[in-house]
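User: I would like to learn how to read a helix packing and a sheet in a model. Please take me through one case.

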Amino acid sequence: MVPMPVDMTEPLRRLSLDELRLRTSAKWRTHPPDVLPLWVAEMDAPLAEPVARALTEAVARGDTGYASGTAYAEALDAFARERWGWDGVVAAHTAIVPDVMQGVVEVLRLITGPGDTVVVNSPVYPPFYGFMEHMDRRVVEAPLDDGHRIDPAALEEAFARATAGGRRAAYLLCSPHNPTGTVHTAQELATVAELAAAHGLRVVADEIHAPLVLPGAEFVPYLSVPGTGSAFSVMSASKGWHLAGVKAALAVAGPEAAADLERIPYIVSHGPSHLGVVGHAAALRHGGDWLDGVLRGLDENRRLLADLLAHHLPGVRYAPPEATCLAWLDCRALGLGDDPAAVFLARGRVALTGGLPFGSGGAGHVRLNFGTSPEIVTEAVHRMAKALG
């Protein structure tokens with residue numbers, strides 16, 4: 001059966017709440033049905049037609065074996081050239097990995113050892129901490145500044161601590177940043193590269209949200225910055241096209257890191273889903289119109305959220321993100337303690353992600369996923385406001 005055409009112009013307005021509640025993924029099954037889920041980074045949109053078609057045709061052929069080939073890397077190369085004007089995705093210098101975090105783990109295993117340090121910019125995506133602990137790596141935080149941007153002084157201090165005694169160390173860069181939605185500028189990334197070189201750190205950039213850079217900002221691939229030849233990027237179509245459950249990602253090496261990437265065990269390439277590779281390649285090759293529709297919807301929703309908060313929850317501090325479908329809300333003035341998400345869930349029946357697991361700077365904050373319809377965003381804020389009554 002060929003998938004029915006999906007309106008490319010407004011994907012986030014296509015599905016009703018009743019239709020969304022038929023989904024069986026984590027977002028819609030973790031909490032009871034009366035809870036409005038705006039926590040995990042799943043988008044409330046149908047699949048892009050080219051992706052659905054590619055997956056349906058693969059299943060019809062019984063093409064469900066192991067992942068292989070360079071189609072994914074070639075699709076990412078074409079997308080990067082068109083969207084970012086960057087030609088740094090060389091298929092021979094890439095490796096297919098199960099997903100972005102597993103790719104980050106495999107790369108960090110190449111360049112650090114047990115007991116070595118990984119620097120992160122807090123508050124940051126909680127699995128950065130969990131996976132590093134599981135790998136027996138220490139984490140040193142370099143907190144973002146008050147404007148949610150990289151603080152060069154904090155970064156240099158963290159780099160010095162990480163490399164004290166001559167130990168190997170790495171910097172796990174979140175770009176664009178989760179949860180703040182900050183898009184690092186070319187100058188900021190150049191400063192990162194200079195500091196990393198001065199301290200002898202290797203950089204691994206998690207760039208999973210790169211396709212979701214919103215109007216007014218410009219994504220700069222870390223490997224496009226001068227002086228980043230020994231660094232790595234891990235990329236995926238996952239967040240941009242709602243493919244978290246169809247896993248596949250690419251580790252991309254800078255020119256001087258290609259030999260390191262070749263040391264990733266071949267067996268790692270069996271981890272990604274072949275259907276994931278098929279779907280992600282189709283998204284990058286043919287899903288541009290759908291992505292543009294999502295970006296328009298996210299731009300509208302981030303502005304809608306600002307208006308709603310100003311009217312109904314004026315005590316919440318909110319800087320509209322430059323990228324992602326995620327809003328980082330400072331709720332400390334509301335007097336709800338370190339975990340406001342627990343209050344909004346219990347009293348308002350809205351599920352948000354609490355800020356504590358994001359590390360330093362997370363207490364008193366929540367992360368809200370606005371990758372949904374304007375109606376759901378509106379209802380969520382109304383419920384949050386009632387939770388304070």
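User: Is the crossing of α5 and α6 right-handed or left-handed?

Analyst: A crossing is right-handed if the near helix is turned clockwise from the far one by less than a right angle, and left-handed if anticlockwise. In this predicted model, α5 and α6 cross in the right-handed sense. The contact (heavy atoms within 4.5 Å) involves M101, Q102, V105 and L108 of α5, with P127, F128, F131 and M132 on the α6 side. Of these residues, 7 are nonpolar, 1 is polar and none is charged.

User: What else describes the pair?

Analyst: Two packed helices are described by the angle between their axes and the distance between the axes. Here the axes of α5 (residues 100-111) and α6 (residues 127-134) come within 11 Å and cross at roughly 40 degrees. The two helices are therefore oblique to each other.

User: Which order do the strands of the sheet have?

Analyst: Strands pair if DSSP finds at least two bridges between them. The open sheet has 7 strands with mixed pairing, in the order β2-β8-β7-β6-β5-β3-β4. β2 (94-97) and β4 (138-141) are the edge strands, each pairing on one side only. From one strand to the next, the twist averages 25 degrees. β2 pairs with β8 (residues 249-253) in the antiparallel sense over 4 bridges, and I96 stands opposite L250 in β8.

User: How is the confidence stated?

Analyst: pLDDT is the predictor's confidence in each residue, from 0 to 100. The protein averages 96, and 98% of the residues score at least 70. Over residues 1-6 pLDDT stays under 50. Local features need pLDDT of at least 70, side-chain atom pairs count only at 80 or more, and totals for chains, interfaces and linings use all residues. Residues are numbered from 1 along each chain as its sequence is written, and side-chain values use heavy atoms, with hydrogens and water left out.

Note on methods: Axes fitted to C-alpha atoms, helices over the stretch in contact; angles between N-to-C directions. Parallel < 35°, antiparallel > 145°, perpendicular 65-115°, else oblique. Nonpolar A, V, L, I, M, F, W, Y, C, P; charged D, E, K, R; others polar.
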